[in-house]
Amino acid sequence: MKKTEKIKEAIKDLKEKIITKEDLNLTLEQINLIEDLLFKDVTTPLLKKCEQKINEDLKIIIKIWEEEKIIAHSPDEQFSFFETLKKELNHFFLVKLEIAFEPSRDFLERVKDWLKENLNQEIILEVKKNPQIVGGLIIEYQGKYLDLSLAKKIDEIIEQKIL
Amino acid sequence: MDYLLNKEYILFLSLLGIIIILFIVFYLYLSKKIKEEKYVVLKVSQEFEESLRKSTEEELKKIINDLKTRVDNFSNKIILKYEEELSEFIKKIEDEFIALSLLSKEEREKFLKESEEKSKKLENQINKEFLKFTEINSQVRNFAINAIKKGVETIEKNITMETKTILEATNDIVSKKIIEIEKNIEEYRNKKLEEIDKKIYQLIGRVAKITIGHSLDLTTQEKLVMESLEKAKKESFF
């Protein structure tokens, strides 16, 4: 596999690990931190330089990237790689969800996978917990809004009864 | 010759013009004078009316005063005449009394007897008159009572009729009012019931949301979200 393909694959893997908007913001912040360290102590490997400042998930990823030589040794190339990575990470489509409960990570992954499969887009989620919607969800995507909550259904039933 | 004729013609026209102008001036003067005369006549008539009113008032005052004086004089004369007659009458009575006191005992008794008889007769007559009067009084009284009774009956009848009419009218108004009020009450009741229904349903809605919200476990919640996504897809949301 060529190096460029390897880089693409690595970016794709990272993108899959990013599920929510918070994940994305955190990842971008950590990439900025890594970029700040690139030109300091150039002889020290990247992972060693930043292991105290980044989270475990990113540490594992960088370790793999270093082992598979996806990340070059020169700071300039490293900087270029992370800039490319940041650009790629800005190409997500945002899907806003309002749900009645605190979702687990697994559930959010399932939702993301479903949306990715059905929209055929790289997406991230912005999830808001709102117990007042009772169940179901309210969804916003590319300026469109759809209320599929149980609260709305109950309101509709009550409205019919009143009328 | 023609020249002379023309000259005469111009002269004639000039004279005619002067006559017309004089006539117009005279007419204007005449109309102005008529106007002034009219004004004078109007003024004179107003003044005349005013003086006539004043003189009439004065004459009336004089007549009233004269009448007053005459009436005063007449009443004074009458009073004097009566005073004179009264004094004469008193004098006569006094004379009679003196004459009576001078009468002898027999004559006095005779006089007394006559007087008694006369007084008895007078008493009888008075009694008769009194009886008549009592009878008439009784008749008048009965008549008055009957008349009053009739009047009262008529008034009573009228009052009964009026009361009946008023009662009927009042009943009609009251019935209409009652119907109207009943209608208003019914409308108000329905409105309130609707409001209560609405509130109850809203309450049911709120309770249902809370109850359903609490009763749904995590798995069901997740299932509902996934079903909602499927529904959104069916509705071509994406």
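Me: Helices (H or I, at least four residues) and strands (E, at least two) are DSSP runs, numbered from the N terminus. How many residues apart are B:D66 and B:R70 in helix α1 of chain B?

Reply: In this predicted model, local features need pLDDT of at least 70 and side-chain atom pairs 80 or more, while totals for chains, interfaces and linings use all residues. Residues are numbered from 1 along each chain as written, chains are lettered from A and ligands numbered from 1 in written order, and side-chain values use heavy atoms, without hydrogens and water. B:D66 and B:R70 lie 4 residues apart in α1 (residues 2-102) of chain B, about one turn of the helix.

Me: Which atoms define a salt bridge?

Reply: A side-chain nitrogen of Lys or Arg must be within 4 Å of a carboxyl oxygen of Asp or Glu. B:D66 and B:R70 form one, with their closest N and O atoms 3.6 Å apart. In chain A, A:K21 and A:E126 form another at 3.5 Å. A:K21 is in helix α2 (residues 21-38) and A:E126 in strand β2 of chain A, so this pair ties together parts 105 residues apart in sequence.

Me: In what order do the 4 strands of the open sheet in chain A stand?

Reply: Strands of a sheet pair through backbone hydrogen bonds, either parallel or antiparallel. Pairing here takes at least two DSSP bridges. The order is β2-β1-β3-β4 in chain A, with mixed pairing. β2 (123-129) and β4 (144-149) of chain A are at the edges with a single partner strand each, so one side of each lacks a neighbour in the sheet. β1 (residues 93-99) of chain A pairs with β2(A) in the parallel sense over 7 bridges.
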